[in-house]
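Take the model one element at a time. Keep the viewer open as you read.

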Amino acid sequence: MSHVYPPSEDTYLLMRAAISEARADDTVIEIGCGSGVISKSLASRVRSILATDINPHAVRAAASLGIPAVRADLFHGIGARFDLVLFNPPYLPAEEEIDSIPEDDYWLSTALDGGADGREVIARFLRGVRNIMSPRGRILLLISSFTGLGEVVELAQASGFATEIVARERYFFEELYVLRLRGSEIDNVISD
C-alpha cells in the first residue's frame, strides 16, 4: 500500500469526529478515502456509505475492506445525494507541480498536495459539494494550520456554509481541525 496515504493523526481525528456525527439513518460519502479505515469504522453505524478517491490504489484498499468504493475526482460522476460528506483533503502547500513528481511518488502526492496555498482542492470541493448534499446534509472537513483556518472558513462562508470547529488537536508542528459545514439558515428554511 505504498501508493496510499497511511492512516495518521489527521485520519484518526476525522474518524472520531465522524463517529460522533454519524446518525443511523445517514447516507455517507467519504471523499478521498485513502486506506478506507474511516469508511470502515462507519459502515455498520450508518444506512449506507460510499468511498471515493482519485487514486486507484486507494479505491482498491477501501474495497478490500468491504467498502463500496469508486474512483472519482472529488465527487465528479456521483449522482446520489448524501446526508454526511467527509473529506480529509490534500491540504499541504506544494512546492512543486504535481505533474513533475516521479511516477513512484505520484499517487501518494495526490493525497498531500493542496496546491500553492494548500487550499486549491478545498476551494474546488466547496464550489461543487452542494450537488451531492441532501437537504439535511452536512460536511466534516479536516484542515491543518498550514492551510490557514481563517482562510478556509472564509472560503466556506463565501460558498454559503456556516462553519463550526467540532474537533482539534495540536502537534508540535501543526494544529489539525475538523470543521462542520452546513448550509446557511436561509438554505435550511428553503429546504424544510
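What follows goes from the strands to the cores, then to a helix and a loop.

This is a predicted model, in which local features need pLDDT of at least 70, side-chain atom pairs count only at pLDDT 80 or more, and totals for chains, interfaces and linings use all residues. Residues are numbered from 1 along each chain as its sequence is written, and side-chain values use heavy atoms, with hydrogens and water left out.

Start with strand β7, residues 175-183. Strands (E, at least two residues) and helices (H or I, at least four) are DSSP runs, numbered from the N terminus. Eight of the nine residues in β7 are buried. Buried means under 20% relative accessible area, with a 1.4 Å probe and protein chains only.

β7 has two partners to look at. Strands pair if DSSP finds at least two bridges between them. Strand β6 (residues 161-170) runs antiparallel to β7, with nine bridges. Thr-163 faces Leu-181 of β7 across this pairing. Four residues separate β6 and β7, and the two strands form a hairpin. Strand β5 (residues 133-144) is also antiparallel to β7, joined by seven bridges. Here Arg-138 stands opposite Arg-182 of β7.

Now turn to the cores. A nonpolar core is a set of buried Ala, Val, Leu, Ile, Met, Phe, Trp, Tyr and Cys residues joined through side-chain atoms within 4.5 Å. The largest has 26 residues, and those touching the most other members include Ile-31, Val-85, Phe-125 and Ile-132. At least two residues of this core come from each of β1 (27-31), β4, α5 (120-128), β5, α6 (149-158) and β7. A second, separate core holds 18 residues, among them Ala-18, Val-28, Ile-38 and Val-178.

What does Ile-132 contact, leaving aside its neighbours within four places in sequence? Its contacts (heavy atoms within 4.5 Å) are Ile-29, Ile-31, Phe-75, Ile-78, Ala-80, Arg-81, Phe-82 and Val-85.

Helix α3 spans residues 56-64, and its buried residues are Pro-56, Ala-58, Val-59, Ala-61 and Ala-62. At the start of α3, a side-chain oxygen of Asn-55 comes within 2.7 Å of the backbone nitrogen of His-57. After α3 comes Gly-66, with a positive phi near 85 degrees.

Finish in the loop between β3 (69-71) and β4 (82-87), where Leu-74 lies. Most residues other than glycine have a negative phi. Leu-74 has a positive one, near 60 degrees. Is Leu-74 buried or exposed? Leu-74 counts as buried, because its relative accessibility is 7%.

Note on methods: Buried means under 20% relative accessible area, exposed over 50%, partly exposed in between (1.4 Å probe, protein chains only). A polar contact is a pair of N or O atoms within 3.5 Å; within protein, one must be able to donate a hydrogen and the other to accept it, and residues adjacent in sequence count only if both atoms are side-chain atoms.
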